[in-house]
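Me: Could you take me through a few labels in this structure and say what each one rests on?

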Amino acid sequence: MTVVFPQAAGAAPITQDVLTIPRKLPAGGLVNIVGLTRDQLREALIAAGTPEKQAKMRVGQVWQWVYHWGVRDFAQMSNLAKDYRALLAEHFEIALPEVVTRQVSTDGTRKYLVRIAGGHEVETVYIPEEGRGTLCVSSQVGCTLTCSFCHTGTQKLVRNLTAGEIVGQLMLARDDLGEWPVQGAPKDETRLVSNMVLMGMGEPLYNFENVRDAMKIVMDNEGLTLSRRRITLSTSGVVPEIARTAQEIGCLLAVSFHATTDEVRDRLVPINKRWNIETLLAALRDYPRLTNSERITFEYVMLAGVNDSDADAHRLVELIRGIPAKINLIPFNEWPGAPYKRSSNNRIHAFADIIHNAGYASPIRTPRGEDIMAACGQLKSATERGRKSRAQIAAEAAE
């Protein structure tokens, strides 16, 4: 259970224990194998009638069929006896979230609108690059953080995703990309989905247990086999869970930083009212040591006249001094009604030069998938807006 800290007056809302069980349970009461850790799968198989002495072997067999070969039908698990396949079919299912729509950008980015149990929807984005492909997955339906520059954050938080719903996003992307290996075919070392980032809808550290279990499954070397150095978890700064992330997940860490003073960060990232810059940086200084990670990524969205001055760049360098880090500079992805403007290219490059000259990598992120609203901070909002009437949109704008 996550520790809940006392809430200070005026602090950002902290939602720790959001209901994870779907509002409507699937008919039939079958247990979904997708999302069960090895220990959970072992317990479930024994409960369904698997002899305890066989349980470890059965876990390995089922695991490989589901996560290595991508098989969804127990009848195809050919190294299991027919009666055991029937037992599995009687008690279990292998179910993924449903792809409602699939859009492909002119730059090759793919955005999936995904329906999960209870009829809720989230979005998943696949970004192909030369030599790698990154999948951006969601961890919550909506978001509680209300970061003022983020369109995704304008949606109310509904619930946490289950571990199966998080893992399922990777599996459905591999379905669409045709990336499952073919039995009997020569082994193909090419990985279309080579990296995963927990940067979609939601704050991953407000859904810690499900994210942790999902990452255990994704990192397992007999299934989906993404190494911890290929997974980046992005947080807005849930300080009490940062050390826990290092100890229980161990993946790379990115922080939505975006400001160099508490005054500005309070406005851009309201969670700063609870855990300010000094408190956040103190937690971050320990992370590379605890995980043996090379460095922390600081994400910094470039907002014209708000956080993009030379003084901001110099302050940023001083703040992170001593932390192995790189700074990802993100041109603001504008959306209808956004209260900010993107910094000019000249301003972004001048900011980057100050960071670079101080000895830190300062790549400028190339916006991807903007034409399908798949860029950072844009997820789900266009879909939500498209379903509303003009009257609803007008009423919200007037609030």
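**Labels and their cut-offs**

Me: Why is Gln61 called buried?

Reply: Gln61 has a relative accessible area of 15%, and buried means under 20%, exposed over 50% and partly exposed in between, with a 1.4 Å probe and protein chains only. The value falls under the buried cut-off, so Gln61 is buried. A word on the source: this is a predicted model, where local features need pLDDT of at least 70, side-chain atom pairs count only at pLDDT 80 or more, and totals for chains, interfaces and linings use all residues. Residues are numbered from 1 along each chain as its sequence is written, and side-chain values use heavy atoms, leaving out hydrogens and water.

Me: Where is Gln61 found, and what does Gln61 touch?

Reply: Gln61 is found in helix α2 (residues 55-68); helices are DSSP runs of H or I with at least four residues, strands are runs of E with at least two, and both are numbered from the N terminus. Leaving aside residues up to four places away in sequence, Gln61 touches Asn79 and Leu80, where contact means heavy atoms within 4.5 Å.

Me: What makes the buried residues of α9 line one face of the helix?

Reply: In α9 (residues 310-320), the buried residues are Asp312, Ala313, Leu316, Val317 and Ile320. Seen down the axis, they fall within an arc of 140°, so they line one face; the arc is that of the directions from the helix axis to the C-beta atoms.

Me: Which elements do the buried residues of α9 pack against?

Reply: They pack against β12 (296-302), β13 (325-331) and α10 (345-357).
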